[in-house]
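Work through the exercises below with the model open beside you, and try each task before reading its solution.

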Amino acid sequence: MNNSLDSYKPAAPDTPRASIPREHCRGVVPLDAVIASWMIPWLSSWHLLELVKQWESPLNVLSCVPFRENVEAILSVARERGLAFRPYFARKANKCLSFVDEAIHLGIGIDTASEIELTQSLERGADSSQLICTAAIKSDRLMSLCTKNRVAVVIDNADEWDSLSCVANSLQAIAKGAIRISGFSFEGKKLYSRFGFDIDALRGQLAEQKSKHLDTSIEIEGLQFHLDSHSLEHRVAAITQSLTLVDQLRCDGFPIKYLDIGGGIPVNYVSSESQWSAFWHEHKQAMLGKREEITFRNHTLGKKVNGTEVFGVPNVYPCWQKPAKESWLAEILDSELLERSHRRTSVADAIRLRGLELRCEPGRSLLDGCGMTIARVEYRKKHVERYHLIGLSMNRTQCRTTHDDFLVDPILIQSPCRNGVRSKKPMEGYLVGAYCTEMEQLSLRRMFFPTGVERGDLVVFPNTAGYLMHFMESRSHQFPLAKNLFVQPAQAMQTRLDDLDFWDHRFISIPNVPPTKTTS
Ligand SMILES: *Cc1c(COP(=O)(O)O)cnc(C)c1O
């Protein structure tokens, strides 16, 4: 690439335009993304072109400002209801260390899901009460690291209990633990989960564990659950049943101090409800052959198609939803709950009156608005099926979750052309990436570019900090990982590389780096 930025003179490079420049790229059925305000000056200037030139494509550009606002919003919901409350930021949703620093700075906790996540968080200065370990798989090494540093381990099963107890005994220490529970009843059925102790069998199992270990090696301080769904009703049912269990466990001699209700606070990615419903209407029409395709080769996005019927839940995040974020949490806390004494009370009061601390583990919702992923266009090609393929310097694991698609429309930033002239011919097609497979679609949605696309243009995927940029990220073909640049709120248009991008080089020596704060 040898685009000359010198020849490109936008009207006033540093002045943010009031509006978001969505006009150069839209889905054929549009889904406008919610855009955080810090992103607008970047989307409306040539700065991103410079950054991609310097740091290569793809590039993640992030900000801690929305993180701070998101934390403040849930804290104030709890404060207004008089609750003792602490969120633990689920850092698996984004790998950057700046968010860990920010969480520590704000005095909230951090939920760690692996040894490296925990090691890094300790190194950054989190103290033991600020940390919890919810790793799905816990080696002795991890449990030992937790125990030495007095970090609470969320115990998933009896084997973990036994190992933690052994680890604690061999360290002559007392481990801190919380018990993960699942199997809540909802409308006569159990909510499925592979995690945790089944709520109905727990008391029996605990009695067994207690007698087996004469339990002095583990201090059980809390109950925890995490639900996969975003349903408010599921949360209220789970909290109600957990509170009954708290009462029982306290009678059984477990001094339960907190209830941790996990993560899953919903986020809105699409700015308009009507666009969201129009999209699914048009998608259905396309599935039934009543209009031209709006997804790659008429991809169903997880829906089932049977003759004249389209049904089922799509395999996508519900990108438009209400309530979301702090309003969702507020609605849960204000929901009515029926105590076993048949007294009706709000969820918040039921927690408060028990002298329980409420905890949660938000990942996605704290990262809403915190990042965008930017990739350079390397080719356009007219396919025999008459659409264009637009090849970007990135692979599909760099903007992806376990869902079929992230759905929102990217923003196109036009680069100065080599000869200074853009063809401006409208174009329609699909974004494809760098992995050598036929299914390497960056998005399954058919995009429309009213004034065309050129080599060197940038495609910006908005709001990717929560899961999208890191959760599935892989290094196949030995492509380097995307760099992570943080914008500096105090200095206009200045950025700083996240320490993660230096830390990564240490992976190889990790077994020799057990940075523990205390060795008891
Ligand atoms: C993934 C996870 C979270 C975070 O969930 P979000 O949907 O990102 O809020 C919290 N707790 C546990 C145990 C998890 O596995």
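**Exercise 1.** Determine how the residues that line the largest cavity divide into nonpolar, polar and charged.

*Solution.* The lining of the largest cavity comprises nine nonpolar, four polar and four charged residues, where Ala, Val, Leu, Ile, Met, Phe, Trp, Tyr, Cys and Pro count as nonpolar, Asp, Glu, Lys and Arg as charged, and the others, Gly among them, as polar. The space in this cavity is about 140 Å³. Among its 17 lining residues, those closest to the centre are Tyr-317, Thr-401, Asp-405, Phe-406 and Leu-468. A cavity is a set of points, on a 1 Å grid over the protein atoms alone, where a 1.4 Å probe fits but cannot get out, whereas a pocket is an open set with protein on both sides within 12 Å along at least five of seven lines, and lining residues have an atom within 4 Å of a point. Grid points are joined across faces, edges and corners, and a volume is the space filled by probe spheres set on the points. By this rule there are seven cavities of 30 Å³ or more.

The model is a predicted one, in which local features need pLDDT of at least 70 and side-chain atom pairs count only at pLDDT 80 or more, while totals for chains, interfaces and linings use all residues. Residues are numbered from 1 along each chain as its sequence is written, and side-chain values use heavy atoms, with hydrogens and water left out.

**Exercise 2.** Describe the largest pocket by its volume and its lining.

*Solution.* The volume of the largest pocket is about 1400 Å³. It is lined by 50 residues, of which Lys-92, His-226, Asp-228, Tyr-467 and Phe-471 are the closest to its centre. By class, the lining holds 18 nonpolar, 21 polar and eleven charged residues. At least two lining residues come from each of α5 (115-123) and β7 (175-182), elements that are DSSP runs numbered from the N terminus (helices H or I, at least four residues; strands E, at least two).

**Exercise 3.** Why does Asn-70 count as buried, and why does Gly-355 count as exposed?

*Solution.* Asn-70 counts as buried because its relative accessibility is 9%. This residue belongs to helix α3 (residues 65-80), and, leaving aside neighbours within four places in sequence, Asn-70 is in contact with Lys-325, Ser-365, Leu-366, Leu-367 and Asp-368. Gly-355 counts as exposed because its relative accessibility is 57%. Gly-355 is found in the loop between α12 (347-353) and β17 (357-360), where, not counting residues up to four places away in sequence, Gly-355 touches Arg-250 and Lys-257. Although Gly-355 and Ile-256 are 99 residues apart in sequence, they are 9.8 Å apart in space, C-alpha to C-alpha.

Methods
Buried < 20%, exposed > 50% of the residue type's maximum accessible area, 1.4 Å probe, protein only. Contact = heavy atoms within 4.5 Å.
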